[in-house]
Amino acid sequence: MIVKRFAVRHALLTTAAAAALATPAYAQSADDADPQSGGLGEIVVTANKRSENLQKTPIAISAIPAEALELRGLSEAKDLSAIAPNVSVVGAATNATASVVSIRGIPSPADETQGFDSPIGMYLDGVYLARSSASTFEVADIERVEVLRGPQGTLFGRNTTGGAINFITKKPSSEASLKLRAGAGNYGMWTGRVVANSGDMNGVRLSLGYLHRQRNGTVNDLLEPKKSRDPGAMKVDSVRGAIEWDVTDTFSVYNVFDYTRIKAAPMVMQLAAVGDGTFRPNVTLGGNTFSQVQPANVAGYLNAATVVEPGCSKTVSRTFSDTICLNSGNQSDDKIWGNMFRMELNLPTITVRSTSSYRNWRNDIRGGDLDGLGTLRGPLFNIGSPSAPFATFTGFPTSVLTNVGIPDGTAAFLTAGSVPTTTNPLFTANTLRGQKQFSQELEFVSTAEGGFQWVAGAFYFSESGYENNAQQFGFVLDTNQAVYIPSTMQSILTGFGYPLATAQALAPGMAAAFQAANPARYRLVPGGAVLDYKASGNSMALYGQASYRPGGEDGPLGVTLGLRYTWDSKSVDRTQNGATPFSAAELVLNRRKASFSAPSGHLTVDYRATEDINLYARAARGYRSGGFNLRQSTSVASNIGLIPFNEEQIWSYELGAKMEFMDRIRLNVAAFHNVYTDQLATIPIPIQGGGSFGTQVVNAGKTTYTGLEVEAAFQITDNFSIDGNFGYIDVNIKEFPGADIGGVTRNIAPLISGAGYAPKYTASIAGNLTVPVGDAKLHARVGYNYTSEFEMFPNTLTAPFSQAGRGDARGLLDGQLRFSGFGPNGGMGLTIWGKNLTDKKYVARSVDFGALGFATVIYGDPRTFGATLDVEF
């Protein structure tokens, strides 16, 4: 069976690589094709701040046009997994709007803390969006999505060491129209959308849109009576208004306002693995010894605990379960709004463009149940108090207690008592956070014809935010190892008046007796921690790019040089990161500022061997700002507070070819080698006094990324086409820090099992059939996309459940059938769609809680299907 699965997978990947038939990055509908030749149509992109033919743009870029987006229901970053080679997306752990986007093996942060900047640039109409959680804009009419792979160090220069995704929306139409959409599907899904365009009114055009979408949960929470609050449930309300005004023949203004509220229950965390007391031995590398994190014995505690709610269990399994018990619920509420104002002046040889944007995001997560269990009642570890000094001895046999000197009456009372219990969860969290940002960009773009083209600009960005993350958790204590051991028994005996020599002689036997009689070996120590901070940051940049073709605008040889210099500054004010707020002295140490700056840019040489073959070579340098790890634990040295980490840099070397044949075959290939240095590496550190754990981030990583990307489209007949892509990446971790048992930091790269969120393979294939039906049109599409397995916690020294937390390989089958152009004036369209048609169960996200002794997994969406009716007047 294993051999058969390997053979099928190998055949799929080999076929995809050879034919390059993957995601619809270049999918063309019949409307996009030349109606005379039935060939492939031109795809226009704006990656260089001007409209250009994608095939003549020497960048690894995928462009997904509006018809393909609408047919597949793609409107946000979290929808785009496998849409382009070496691009993968997984959802958030606790928030319904966030996502982790990986391009060429480099992921955006899995943690939304505002001390980090993302290496993946997210843009809406060219406006930088700093936080993935704040990047929802489903109500907008998306014209196309451009996915730029590799560092974009010039025109999309803010932190884009991995790549950039730019959503380009449709402007108000010059024709008056009213578009209505209604849809329904499984899991109680229904949606309604209306978009109205005023048409041209003496140079003024308006559009207004409203969207409502909701569905029930996809997993049944036995403790939640409402399906609309089960995990996976969502309710979205969104409004967007745009106005474009041609003030003169050369000057125009454009303003867009949007507001979205998303009330959701994020996908459930299912308890997948727990510590069982198995010792994780030290690891030797290069003659140095490294200890491994020892997970608490949660299995032992669960065996002694009971679930309060009827029907709920203590199941620990990585196998998908469609029922769950969340005793504290798991509800997320996001409010996102923003406004963009753009002015454009078109002079004879230059376009001047000014873009001002403001965005605001607020997120409230209540009852974040992160252990996936109902209410657990289990043994409580109680060290006693002056009024009850013998609390830890409750439930022991009288003979054992009297042997340590406890009076007979007290011993009998303790024996008759029961071990104290607690209903403290393994882990829950409540989070309140917000972020607001302002950006201003001024661009100068040459428009004169000829062999020399240039772009210059200035960019300013400012953001501020806050977070209050309150955690409640329990640490499982093995009392036989922590309390009832010879050294502790010796202290107990001397405390009861035994001479030291006698206590030393009796302690081993007493310890053995207590261990044998222990009524509850594994007991929970309740704990809590709060992370509370405010953060702000500013970024300024100057950039310029020039392209020169010695032979004129259509000359075969071209050279492009882009340069950008960026200045970043960050400040943080952290008031708590543990069980108690910081003291006055600690507050000073956790109020920090830092500045960073670096150049970035690229040199690209392209050669148009023929009208249909474009070859290019590119060397690019990317930059990612430094910052602060706000979950960093308080240092052991009390006089050291938050420590900033410095900027990262990446050098990327790329060779590419863009080719078309007979106006029916499009084939684009790129090979790259990236060298990432000063890379952020996270080292876990216990939080003082909190019982939890934090992390320290240092610039000590070095990784190389080598890969291949292929995209293709084949218009086989006037009615049938195939499109797709294939991506391969090899990640080689050269340097990664880890402390040996002596506390000396050394390179532990050979112990790291892989890069996080970096699947080795992505592949996809789709077939499109368009058939005229009278004056209408029937369009059918079937697509299959594949993502190989990937690591999420690759440092096995600190992640005891790294294997249980791996992302599953998955092949997802989607299909759409659209009948359009019927009804009054041909303005109606009916789409029947399905996603994950084979109902594939796969782990999409996980959390390894390390020393706390357990790991949880989140599964991807199950099979969903529905129908949508569109009417346009």
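Me: Let me start with R158: is R158 buried or exposed?

Reply: R158 is buried, because its relative accessible area is 6%, and buried means under 20%. Keep in mind as we go that this is a predicted model.

Me: Where does R158 lie in the chain?

Reply: You will find R158 in the loop between strand 9 (142–149) and strand 10 (163–169). A residue can also be placed by its distance to another part of the chain.

Me: Now the rings, please. What describes a pair of aromatic rings?

Reply: Two quantities do: the distance of the centres and the angle of the planes. In this model the count comes to 23 aromatic pairs. One of them joins F427 and F473, with 6.0 Å centre to centre and 25° between the planes, and this pair is stacked.

Me: Why do F427 and F473 count as buried?

Reply: The cut-off is under 20% relative accessible area. F427 has 5% relative accessibility and therefore counts as buried. F473 is buried too, with a relative accessible area of 1%.

Me: What is the geometry of the pair formed by Y565 and W567?

Reply: Y565 and W567 form a tilted pair, at 4.9 Å centre to centre with 50° between the planes. As for accessibility, Y565 counts as partly exposed because its value is 31%. W567 also counts as partly exposed, at 37%.

Me: Which residues do ring pairs link into a cluster?

Reply: The cluster is made of Y123, Y128, F156 and F461. F156 has a charged neighbour as well: K49 lies over the face of F156, at 5.1 Å from the ring centre.

Me: Over which ring does the charged end of K171 sit?

Reply: The charged end of K171 sits over the ring of Y254, 5.1 Å from its centre.

Me: Let us turn to the backbone. What is phi of R104?

Reply: Phi of R104 is near 55°, a positive value in a residue other than glycine. R104 belongs to the loop between strand 5 (99–103) and strand 6 (106–107), and R104 is buried, with a relative accessible area of 1%.

Me: And what is phi of N836?

Reply: For N836, phi is near 50°, again a positive value in a residue other than glycine. N836 is in the loop between strand 41 (828–835) and strand 42 (843–848). With a relative accessible area of 4%, N836 is buried.

Me: Which strands pair with strand 24?

Reply: Strand 20 (residues 306–307) pairs with strand 24 (residues 376–379) in the antiparallel sense over two bridges. There, R377 in strand 24 is the bridge partner of T306. Strand 24 also pairs with strand 25 (residues 421–422), antiparallel and over two bridges. In that pairing, P379 has T421 in strand 25 as its bridge partner.

Me: Last topic, the cavities. How many of 30 Å³ or more does the whole structure have?

Reply: The search finds 16 cavities of 30 Å³ or more. The largest cavity holds about 120 Å³ of space.

Me: What lines the largest cavity?

Reply: Its lining has 12 residues, and L124, V256, D258, M340 and R359 lie nearest the centre. By class, the lining has six nonpolar, two polar and four charged residues. At least two residues of this lining come from each of strand 8 (127–129), strand 16 (251–264) and strand 23 (350–369).

Notes: Residues numbered from 1 in each chain as written. Predicted model: local features only at pLDDT ≥ 70, side-chain atom pairs only at ≥ 80, totals over all residues. Heavy atoms only, no water. Phe/Tyr/Trp six-rings, centres within 6.5 Å; stacked < 30°, edge-to-face > 60°. Buried < 20%, exposed > 50% of the residue type's maximum accessible area, 1.4 Å probe, protein only. Lys NZ or Arg CZ within 6 Å of the ring centre and 35° of its normal. Helix = DSSP H or I, 4+ residues; strand = E, 2+ residues; numbered from the N terminus. Pairing = 2+ DSSP bridges. 1 Å grid on protein atoms, 1.4 Å probe; cavity = no way out; pocket = protein on both sides within 12 Å on 5 of 7 lines; lining within 4 Å. Points joined across faces, edges and corners; volume = space filled by probe spheres on them. Nonpolar A, V, L, I, M, F, W, Y, C, P; charged D, E, K, R; others polar.
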